[in-house]
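Here is a short briefing to read alongside the coordinates.

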Amino acid sequence: LFVSDLLIFNKEKIVYGHLDDPAGQEIVRGRTYLRLRPDRVAMQDATAQMAMLQFISSGLPKVAVPSTIHCDHLIEAQIGGAQDLQRAKEINQEVYKFLASAGAKYGVGFWKPGSGIIHQIILENYAYPGVMLIGTDSHTPNGGGLGSICIGVGGADAVDVMAGIPWELKCPNVIGVKLTGTLSGWTSPKDVILKVAGILTVKGGTGAIVEYHGPGVDSISCTGMATICNMGAEIGATTSVFPYNHRMRTYLEKTGRGEIAAVANENQDLLVPDSGCHYDQIIEINLSELKPHINGPFTPDLAHPVSDIGSVAEKNGWPLEVKVGLIGSCTNSSYEDMGRAASLAKQALDKGLKCKAQFTVTPGSEQIRATIERDGYAKLLRDVGGVVLANACGPCIGQWDRRDVKKGEKNTIVTSFNRNFTARNDANPATHAFVTSPEIVTALAIAGTLKFNPETDFLTAPNGEKFKLEPPTGDELPARDFDPGQDTYQHPPADGSGLRVDVNPQSNRLQLLEPFDKWNGKDLEDLQVLIKVKGKCTTDHISAAGPWLKFRGHLDNISNNLLIGAVNIENDAVNKIRNILTGEFGGVPDVARYYKKHNVSWVVVGDENYGEGSSREHAALEPRHLGGRAIIVKSFARIHETNLKKQGLLPLTFSNPADYDKIRPDDKISIVGLKSFAPGKPLEAIIKHSDGSSETIELNHTFNETQIEWFQAGSALNKMKELQK
């Protein structure tokens, strides 16, 4: 059926096992599009709003595959777990009611607020070796720690799968990471991916699945493998996966899935790479030699050994004092993570020490929270100075009511999170955020400074005694099994057809969708450059999270954050661009709305890896809603490029990256060749300068025939509706 060397990878056995038409599928890595049938869909509450609104617009009666909604993004960290959760339930009552009722009507399971972070819930309940799951969150690859192919997507992709339509994915390349040696001491699974991020950078994994293998794998716990796969999103990887082993079997058994473990054991040869397979790229890491790492600030691929960070910070003028240490998040909130952090807390407490920095703890799920409370870990973390937050994303995604520093005040925080883009955690662009393991965060919070290397440096007890922290220890899984805590799951009824889902037309949080306009059959003439973006432009820059999360179900309201974090090359300012029609400067969304009102279509020009970060499709919906037609950049992050296509926009790349420099902020651009728009055939852009001169450049694209139909129909959702007629 396939060329033999395509069958020897663990990831390819799983991916190709989900092909819609195996006999007719062309498979060429990095070029052809695979049409796949994933087994399951998962959506977090911030993205589920738009995904469910799109599903409602499709007119379909019920989802075609098992699907779930997880309420984890809308809970702001402020005081502590119980109070913050109650406050979130009150503030977000309308949204939670919508999601619960939509789930009941259309056959989608609903995990209530307080259940935990989507990726931890998936690992505990839905991931298993060989499954293919897509999730509307970029850290869905967390499930690779259980031998799953779990891929982050936008909401429109989720709608395709929920509608029973084959889902498209460009055939990934394969990056192999060979692990040798054994993890020990202060080195943790987090250090593996921090090291890989330093090697590959934030775009080095784009278009590839990262497959970990080698004798070192068996020294990593199942949840540790999940940590590594989770942060593969930070290198742009499609997903990451580990081969099935005894650590996964034990985790499955401890989480009540012994029958799945038994089946996996019987089919283990299908869940590991065959010997002698060829990778497109190989990275080798000796775990015995790997040192604890800390990455940042402002980007997750700026890697430093912990032993060097103090001197590097001094050299660069980064604040040495650690103001806050934060552990948890979807990346590092397992029982083992909490146990290792608690072992350090106990050592400090035994010597009479508490944290010098503020310290927060985010359990990954209600099951983790209940279990660490029962086993005493939570008490140790509180006693050392920690505040246990709700089982939710919290500060990791900007849901943090931080009050210890003023906006604009330069300061340092260390986290066990996955991202540290400018202003991501606390909306303060002067915060220097560093990403590391929970145990290093805990040690630095106790010491209160980046200059502390726990492997070599001493702490001073209140009585003057000098002592070193012993390396952290923690059980991989609880000896007494997990305490499930409160039951927070709502199963959909067998028949929800008689139920109603109401959206108040006056709501400022929810808004039913109107279809986007179809392509008029002509070239796109005289598009105004809305903004020429300078440097890094993540989805946080394009559609900020934090306080804007409350508008994720209301397209018009959330469009008021369009590109407000992007740097305008004309003046190096944020959210300050020239309105060509008036000559005045204004905010990006304000100018975009002005252009739309005056029937002026526009284009955004950007730099490398445009749209890296979150899977949020709002970063594609907003420019489409406000009159955008094309995004022209040097290169795209995978999920964002697909999201743009889904909404009827043209994501285009400079054939010659140097052509970025030819475009001026006040230019008009015509995109020609659309009447013969075809896969693999470049388009042309005519750049018209304000001085009357013009020049023509070539633009590449990655559209296939189906995706071109999305553009012509105005969106993928429009095309879906056409096919139902």
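Predicted model: local features only at pLDDT ≥ 70, side-chain atom pairs only at ≥ 80, totals over all residues.

**Helices α12 and α15**

- Helix α12 (residues 335-350) packs against helix α15 (residues 438-447) at an angle of about 25°, and their axes are 8 Å apart.
- That angle falls under 35 degrees, so α12 and α15 are roughly parallel to each other.
- The crossing of α12 and α15 is right-handed.
- On the α12 side, the contact is made by Asp-337, Arg-340, Ala-341, Leu-344 and Ala-348; α15 contributes Pro-438, Glu-439, Thr-442, Ala-443 and Ile-446.
- Sorted by class, the contact of α12 with α15 has six nonpolar, three charged and one polar residues.

- Four strands, in the order β10-β9-β8-β11, form an open sheet with parallel pairing.
- Its edge strands are β10 (239-241) and β11 (281-286), each of which pairs on one side only.
- From one strand to the next, the twist averages 20°.
- Helix α7 (residues 189-200) packs on the sheet and touches β8 (173-180), β9 and β11; the direction of α7 makes about 140° with that of β11.
- Strands β9 (residues 208-213) and β10 run parallel and are joined by three bridges.
- Ile-209 has Thr-239 of β10 as its bridge partner.

**Strands β17 and β18**

- Strand β17 (residues 411-415) pairs with β18 in the parallel sense, over five bridges.
- Ile-413 has Ala-433 of β18 as its bridge partner.
- In a regular strand, side chains alternate between the two faces of the sheet.
- Both faces of β18 are covered: one side holds Thr-431, Ala-433 and Val-435, the other His-432 and Phe-434, and all of these are buried.
- Because five of the five residues of β18 (residues 431-435) are buried, this strand is largely enclosed by the rest of the structure.

**Helix α20**

- How many of the nine residues of helix α20 (residues 638-646) are buried? Eight are, so α20 is largely enclosed by the rest of the structure.
- The buried residues in α20 include the charged-class names Arg-638, Glu-641, Lys-645 and Lys-646, along with Ile-639, His-640, Asn-643 and Leu-644.
- After α20 comes Gly-648, with a positive phi near 85°.

Technical notes:
Residues numbered from 1 in each chain as written. Heavy atoms only, no water. Buried < 20%, exposed > 50% of the residue type's maximum accessible area, 1.4 Å probe, protein only. Helix = DSSP H or I, 4+ residues; strand = E, 2+ residues; numbered from the N terminus. Pairing = 2+ DSSP bridges. Axes fitted to C-alpha atoms, helices over the stretch in contact; angles between N-to-C directions. Contact = heavy atoms within 4.5 Å. Parallel < 35°, antiparallel > 145°, perpendicular 65-115°, else oblique. Left-handed = near helix turned anticlockwise from the far one by under 90°.
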